[in-house]
Amino acid sequence: MTSLSARVVAYASVREFVPLYGLYALLFEDHGLDTRSISSLFVLWSVVAFVSEVPSGAWADTVSRRGLLFGSGALLTAAFTMWLVWPGYWGFALGFVLWGISESMKSGTFEALVYDELAARGCEHRYAAIMGYANAGEMTCVFVAILTAAPLFELGGYALVGWVSVAITVVDIALVGTLPAAPKVEEADEIAGRGDTVLVRYMSSLRAGTSEIRTDRVVRRSVVLAAALLACLAFDEYFALLARESGAETGFVPVLVALTAVGQVVGAATAGRTATMSGRTMGAVVIVGSVLIAGGALAGGIAGFTAIGVGYGALHNTAIVAEARLQDTMSGRARATVSSVVGLTSEVLSVAVFAAYAIGSLWLPMAALVAVTVLPLVGLGVVAPRLLPAARPAGTERER
């Protein structure tokens, strides 16, 4: 189990060790884009991701999941390379198209791979903890990468920050080969015995996954909750602009943004401890986290970004717990497909967030925008007790 955890955490973490994350919004702005143009790029990113989300999830229930992760890494490398060789609106747009497809190929695929490996070992109850560690590793790398962006920018500007980021994505592609490849719930010999083609298996997985969501109320509610919580994490795309608006110099912006990553590290690392939280507890955590983010955005500075970090960490924790509860709830025969519907739904909600920023920027400053757009999460906290399935005791299966 220790070896599995280490491999999962290493792959997930290195993928997020991208110094460019702390500065790419400023890269766009410094190449002549305003908030509306930047928001349109984020919308394009989300649209591409949700269009390809469910199809890629069905492929992950059909073909090699590690193969899809290899392809995802290659597209991510190409996306950042595109920004560096064509630093204009259309170059940034093409990069986001590649990044969106890359993310959809990983979303659902990675989670299903890990859960099925744990299921093969009879350790499904460890999923929340392992994914929590993986997410904590991701956020730790984001934190370090963002802090690294400041000295890299001073040494070589956006070019050095960008090419270091590209090199790291290549390293992560190599780490895909270390991931396990447990059999899916539907064994390979069972499929081969039917003589099905890849396309037939693909359509079967797609139908099975979408049918489970339509017909199983518990799964459907779990999908809605997990997707809504994941969509909350879309706000961080604007944190660099928020920091600059509050008066921070470009070199200090990554430091403020890194404070939000610290909160996410703590929230993710403690997911194993909070995995059995009740719906009422989750609702309270979501409400408090939302208020902290809104208040921190209005306050600005180190104190404000610290509050944002605490709130973001709380939301990140609940998102991991909700996704783990969904994995326990579904049948597993089209695990990646169902997981991808979560990604699809969260991307749709993210588009709404980005559109709100694009329109709201005509009248409101960034601090007010963050505060206003985060407040609907209070409503999510109110309904969370109805949407979150009860925790399943270790070693038991859900009754159907």
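Leaving aside neighbours within four places in sequence, Met277 is in contact with Met282, Asn317, Thr318, Val321, Arg325 and Leu388, where contact means heavy atoms within 4.5 Å. Met277 lies in the loop between α13 (271-274) and α14 (279-299); helices here are DSSP runs of H or I with at least four residues, numbered from the N terminus. Is Met277 buried or exposed? Met277 counts as buried because its relative accessibility is 11%; buried means under 20% relative accessible area, and exposed over 50%, with a 1.4 Å probe and protein chains only.

A word on the source. This is a predicted model, in which local features need pLDDT of at least 70 and side-chain atom pairs count only at pLDDT 80 or more, while totals for chains, interfaces and linings use all residues. Residues are numbered from 1 along each chain as its sequence is written, and side-chain values use heavy atoms, with hydrogens and water left out.

I turn now to confidence. The mean pLDDT (the predictor's confidence in each residue, from 0 to 100) is 86 for the protein, and 92% of residues reach 70 or more.

Finally, the lining of the largest cavity. Which helix gives the largest share of this lining? Helix α16 (residues 335-360) does, with seven residues.

Conventions. Helix = DSSP H or I, 4+ residues; strand = E, 2+ residues; numbered from the N terminus.
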